[in-house]
Amino acid sequence: MDHKDVSRRIFLMSTAVAVSGCATKGVPSLTRLGYQSPNGKLNLAAIGAGGKGGGDIKETGKGENVIALCDVDWQRAGGTFEAFPKAKQYKDFRDMLDKEPSIEAVTVSTPDHMHAPAAIRAMRMGKHVYVQKPLTHTVYEARLMTETAREYGVKTQMGNQGHSGVGVRELCEMIWDGAIGQVREAHIWTNRPVWPQGILPEWTDGIARPLPEQPIPDWMDWDLWLGPAPYRPYNEGYAPFKWRGWWDFGCGALGDMACHIMDPANWSLHLGNPISVECVYQEEKNDQTAPSKSIIKYRFPERLSLCPIDVYWYDGGLQPDRPEGIAPDVKLGDGNNGSLFIGDEGIITTGEYGGDTRIIYPTDKMADYKQPDPIIPRVPNHYKDWVQACKGGVAACSNFDYAGPFTEVVVLGNLCLHCEGELLWDSENMRITNNHEANKYVTKKYRKGWEL
């Protein structure tokens with residue numbers, strides 16, 4: 001089959017995924033029940049209003065009605081409370097959702113372990129959701145989020161804003177146009193973590209354990225912050241910022257950045273479900289936090305008429321070996337973050353969010369290369385893409401029909417950081433077939449009262 005015919009099939013399938021968020025069953029959303037907010041504005045609320053959550057609600061709330069804000073840390077959320085003085089303030093999102101029935105849509109910008117409990121509850125009440133990346137804490141949660149969005153007919157978006165960028169679209173169009181032929185390897189790297197994880201200084205005896213108890217700040221509800229996670233005493237080494245490296249709360253460097261940096265590979269190569277995942281290297285492995293550095297290998301089978309491909313993830317500042325023929329002064333990706341696509345007819349590199357895409361081998365090919373005509377619709381703003389979807393527009397570009405399966409791939413990589421050897425993955429049944437012990441990491445236990 002001609003390569004461009006394959007490219008067209010990939011594009012058509014990607015388009016089908018993008019609009020499939022419109023398919024619904026079960027209980028409809030408030031909008032489809034006939035509820036109309038004043039002056040055509042969307043009634044918005046935030047679950048997580050400090051830090052990134054503050055930015056998310058301010059961006060989505062431009063020109064809309066922000067009627068409620070929820071955060072367990074009222075000091076950190078203080079600036080957002082001031083920005084929306086008429087919005088009612090809550091610490092428990094369950095109370096907010098129960099007491100504010102006119103909420104039509106919510107942003108969820110909490111630590112990773114709270115994404116699914118908050119978003120699933122909101123979706124089951126018929127509310128649209130914008131959820132920060134990584135979409136979920138576990139593979140099981142990602143599958144459940146996808147299914148819940150479909151069942152309740154809500155409009156969704158994951159907060160991987162690069163997916164709305166022009167750069168990733170140009171990368172896809174180059175790959176689909178056959179710029180470097182069949183792609184057989186992809187290498188993706190980041191300088192994260194930039195927070196403590198691995199062997200911490202507090203563990204002078206080399207034993208990984210929870211941090212020592214400190215007084216809970218007056219402005220924080222620590223029990224609500226923990227939510228579904230096992231109880232442990234408060235320590236500023238967890239909240240408000242350093243939670244991402246702790247397995248009970250975050251997904252480490254992979255969870256933080258792969259939804260951005262792996263997105264160009266996932267979209268352009270139509271990766272789908274891997275058949276295996278393996279940790280080929282890590283430093284400072286322990287049972288409390290993600291390692292300080294790691295290299296993870298995913299194997300993907302043939303898809304459409306695309307050849308099998310190995311995708312490598314590097315974090316902690318590790319990077320792939322420079323391909324033969326690439327001069328030392330040639331910049332790869334953005335430097336600290338980026339991707340390499342190794343094809344039969346050349347090599348492409350792109351940046352953290354799919355920007356500055358360029359052919360770097362053969363060395364003279366990019367100078368004469370003509371960018372293909374655009375075939376993917378351009379999106380002017382990631383936040384407004386979701387807001388317009390909530391108001392009856394087409395599904396947002398990173399809706400859960402795309403973001404859910406993609407997140408499954410991302411967080412699956414964390415399973416192999418706990419285990420030895422290659423893990424064979426049965427995606428349909430969400431199970432590792434050659435390591436029974438590894439399956440306990442596909443999901444997790446939830447503290448009583450926080451079950452999904």
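In this predicted model, Lys 52, Asp 56, Glu 59 and Thr 60 of helix H2 are in contact with Tyr 383, Lys 384, Trp 386 and Val 387 of helix H11, contact being heavy atoms within 4.5 Å. Helices here are DSSP runs (H or I, at least four residues), numbered from the N terminus. Residues are numbered from 1 along each chain as its sequence is written, and side-chain values use heavy atoms, with hydrogens and water left out. Because the model is predicted, local features need pLDDT of at least 70 and side-chain atom pairs count only at pLDDT 80 or more, whereas totals for chains, interfaces and linings use all residues.

The axes of H2 and H11 (residues 382-390) come within 9 Å and cross at roughly 55 degrees, the axes being lines fitted to C-alpha atoms over the stretch in contact and the angles running from 0 to 180 degrees between N-to-C directions. H2 is therefore oblique to H11; angles under 35 degrees count as roughly parallel, over 145 as roughly antiparallel, 65 to 115 as roughly perpendicular and the rest as oblique. Their crossing is right-handed, a term for a near helix turned clockwise from the far one by less than a right angle, with anticlockwise giving left-handed. The contact residues of this pair comprise three nonpolar, one polar and four charged (nonpolar: Ala, Val, Leu, Ile, Met, Phe, Trp, Tyr, Cys and Pro; charged: Asp, Glu, Lys and Arg; polar: the others, Gly among them).

H5 passes H6 in a left-handed crossing. Among the residues that meet are His 115, Ile 120 and Met 123 in H5, and Leu 144, Met 145 and Tyr 152 in H6. Eight nonpolar, two polar and two charged residues make up this contact.

A pocket is an open set of points on a 1 Å grid over the protein atoms alone, where a 1.4 Å probe fits, with protein on both sides within 12 Å along at least five of seven lines; lining residues have an atom within 4 Å of a point. Of its 40 lining residues, Lys 52, Ser 109, Thr 110, Pro 111 and Trp 243 are the closest to the centre. H9 (252-261) gives the largest share of this lining, three residues.

Definitions and conventions:
Helices (H or I, at least four residues) and strands (E, at least two) are DSSP runs, numbered from the N terminus.
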